[in-house]
Amino acid sequence: SWSQSERSAIVELWDKINIDEIGPQALARVLIVYPWTQRYFGQFGNLNSAAAILGNPKVTAHGKVVLNALDNAVKNLDNIKETYSKLSQLHCEILSVDPDNFRLFADCLTIVIANKFGAEFTPEIQATWQKFLAVVVAAMSSRYF
Ligand code: ZNH
């Protein structure tokens, strides 16, 4: 459960995030830093270099999809597990995405946010944000067996 200050830290940070900017950067960073994650995106075309990944329109589009899905978690802070139940099942049974990748994505997202907001992203806000993402990662992993 969340304290009032945790809730406002998450919501206030989230309100400042431009999904269309941060989503693509976070997904691109996962694909660059952890290149084995490219295996899930065989239909995405050229992922042969960092520049190709950053300029790939399918990566951009999918980064927006993933970050838009995070909006559901922010809006359902008390019910994140249930909110992602179907999505977790989809990633497990249909997409066969290794759940370790959710943590890699969460870490890259935090780094992109730190890079974007600088000193404004204080250690206290980071701690709360990472707690939030840990709950998201657990929820995304909850239907794996
Ligand atoms: Zn994922 C898909 C979310 C992570 C891989 N995804 C997806 C979608 C969503 C998501 C919403 C869409 C669905 C439908 O259509 O129905 N994700 C998500 C989230 C997260 C994620 C929230 C975190 C947090 N993913 C991820 C990762 C990976 C992935 C990390 C790898 C690496 N996904 C994926 C794929 C897909 C998806 C492959 C499919 C795509 C296409 O087909 O287009």
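What we have is a predicted model, in which local features need pLDDT of at least 70 and side-chain atom pairs count only at pLDDT 80 or more, while totals for chains, interfaces and linings use all residues. Residues are numbered from 1 along each chain as its sequence is written.

Let me start with the record: an unreviewed UniProt entry carries the annotation "domain: Globin" for residues 1-145, with positions given in the numbering used here, feature names shortened, and the caution that annotations may be inferred rather than shown by experiment. Over residues 1-145 the chain is 70% helix and 0% strand, and its end C-alpha atoms are 25 Å apart; helices (H or I, at least four residues) and strands (E, at least two) are DSSP runs, numbered from the N terminus.

Now to the packing. Two packed helices are described by the angle between their axes and the distance between the axes. Here the axes are lines fitted to C-alpha atoms, for helices over the stretch in contact, and angles run from 0 to 180 degrees between N-to-C directions.

Helix α2 (residues 19-33) and α7 have axes that come within 8 Å and cross at roughly 125 degrees, and these two helices are therefore oblique to each other, given that under 35 degrees counts as roughly parallel, over 145 as roughly antiparallel, 65 to 115 as roughly perpendicular and the rest as oblique. On the α2 side the residues that meet α7 include Ile22, Ala26 and Val30, and on the α7 side the partners include Phe105, Leu109 and Val112, where contact means C-beta atoms, placed from the backbone, within 7 Å. By class, this contact of α2 with α7 has eleven nonpolar, one polar and two charged residues; Ala, Val, Leu, Ile, Met, Phe, Trp, Tyr, Cys and Pro count as nonpolar, Asp, Glu, Lys and Arg as charged, and the others, Gly among them, as polar.

α2 also packs against α4, at an angle of about 110 degrees with the axes 7 Å apart, and α2 and α4 are therefore roughly perpendicular to each other.

Elsewhere, helix α1 (residues 4-16) and α8 cross at roughly 90 degrees, their axes coming within 9 Å. The contact brings Glu6, Ala9, Ile10 and Leu13 of α1 to Ile125, Thr128, Trp129 and Phe132 of α8, and its residues divide into six nonpolar, one polar and one charged.

Finally, the ligand. Of the 17 residues around it, Thr37, Tyr40, Ala69, Asn101 and Phe105 come nearest, a residue being near if its C-beta atom, placed from the backbone, lies within 6 Å. Two or more residues of this shell come from each of α4 (57-75), α6 (85-94), α7 (100-117) and α8 (123-140), and α4 gives the most, with five. By class, the shell has 13 nonpolar, four polar and no charged residues.

Technical notes. Contact = placed C-beta atoms within 7 Å.
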